[in-house]
Amino acid sequence: MAIIAMVSAKGSPGVTTAALACTLSWSGRTVLAECDPAGGSVLSGYLSSLEIPPIGLLPLAAAALRDQLADTFAHQLIDLDAKSPGQRLVLPGINDPVQAGTIRPTWEALTAFFADLERREPGYDVIADCGRLATSAPPWPLLFRADLLLLVVRAATLRTIAPAAGAAEMLRRELTQYGQGPGALGLALIGEGTYSRRDIEQRLQLPTLIELPDERRTAEVLSDGGGRLRGSQRLLRAAASAEPAVRDAISQRRAHLSPTSSRGSSRA
C-alpha cells in the first residue's frame with residue numbers, strides 16, 4: 001500500500017478511532033499520521049497516560065522547510081507496539097488549530113515524503129487521519145495524492161449520513177479537477193442503523209471498503225485511553241478483516257492508472 005487518507009464530512013463519526021484501529025490491527029508496517037488541521041487527539045486520548053515530549057507533525061513541518069525531513073522523521077514517532085518494535089508507529093498531530101497555518105505550506109513536501117515511505121527499507125504504509133472537511137484548510141495535497149481516500153460515515157441515522165452526500169460530491173469534484181480522479185474514493189462505515197450498507201452506497205455513490213462495529217468499550221479506550229484493550233475486541237477484528245479489501249482496492253487502482261499519470265496537485 002502507500003497512503004490511505006481518512007476524512008469525515010463534519011462532526012465526530014470516529015475518524016481517529018477507525019484510523020487507530022486499522023493501525024493496531026493490520027499486518028503490515030504502518031505509520032498513523034495525524035494530519036487533522038483542527039489538531040490531533042492520540043496524545044490526549046489513547047496515549048494520555050504517557051509523558052511524551054512535544055514531537056510530531058509540527059517539528060516535522062519545520063524540518064520540511066529546512067529540507068531535513070529524512071533526518072528528523074524517526075525522532076517524531078511514537079511506537080505503539082512494545083511486542084513488535086517498529087511495526088506500528090504514530091506521528092502525533094498539532095495541538096492547536098492555530099498551528100495549521102504553519103503546516104499548510106509544507107503539505108506538498110510532507111505528502112511526497114509519506115508516499116516514499118513504502119519504498120524504504122523497511123517500508124511503511126501511511127494511514128493519514130485528516131479530520132473533518134469542514135475546516136478552513138484541509139490538507140488537499142495529501143488528499144489528492146492518497147492511494148485510497150475513505151470518507152468515514154456513522155451509519156446510525158439519516159442525520160449522520162446526510163452530510164456525507166455533499167462531502168462525497170465535493171471530493172469527487174476536487175479529485176477530478178486537481179487529483180487523479182474520483183476512483184480512489186470509498187467509504188468506511190461505523191456502526192449500524194436504519195439504512196443498510198447498500199442503501200448508503202447508493203445514496204453516496206461510493207463503495208464500502210471498511211465496516212466497523214460500534215463497539216463502545218474498545219472505541220472508548222482508543223478514543224480516550226485510560227484502560228487496556230480487553231474482551232472480544234470486535235472493533236479491532238473488523239478492522240483487521242478489512243485489510244485485504246483495502247489492499248485489493250489499492251492494487252486495482254494502481255493498475256488502472258497510467259504509469260505516467262500525475263501524482264498529485266500543486267493546490268495547497
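The model is predicted: local features need pLDDT of at least 70, side-chain atom pairs count only at pLDDT 80 or more, and totals for chains, interfaces and linings use all residues. Residues are numbered from 1 along each chain as its sequence is written, and side-chain values use heavy atoms, without hydrogens and water.

The protein has 10 helices and eight strands; these are DSSP runs numbered from the N terminus, with helices (H or I) of at least four residues and strands (E) of at least two. Its radius of gyration is 17 Å, close to the 18 Å that the globule rule gives for 268 residues, so the protein is as compact as a globular protein of that length. The radius is taken over C-alpha atoms, and the rule is 2.2 Å times the number of residues to the power 0.38. Along the principal axes, the C-alpha trace spans about 50 × 45 × 35 Å.

Of the 268 residues, 53% are buried, meaning under 20% relative accessible area with a 1.4 Å probe, protein chains only. Contacts (heavy atoms within 4.5 Å) can be sorted by sequence separation: among those between residues at least 6 apart, 72% join residues at least 24 apart.

Helix α7 covers residues 158-178, and its 21 residues should span 30 Å at 1.5 Å a residue; the end C-alpha atoms are 30 Å apart, which agrees. The expected span is 1.5 Å times one less than the number of residues. Buried residues in α7 include Ile161, Ala164, Ala168, Leu171 and Leu175. An α-helix has 3.6 residues a turn, so residues three or four places apart point the same way. The buried residues of α7 pack against β1 (3-8), α6 (140-145), β6 (148-154), β7 (185-190) and α8 (197-204).

Methods
Buried < 20%, exposed > 50% of the residue type's maximum accessible area, 1.4 Å probe, protein only.
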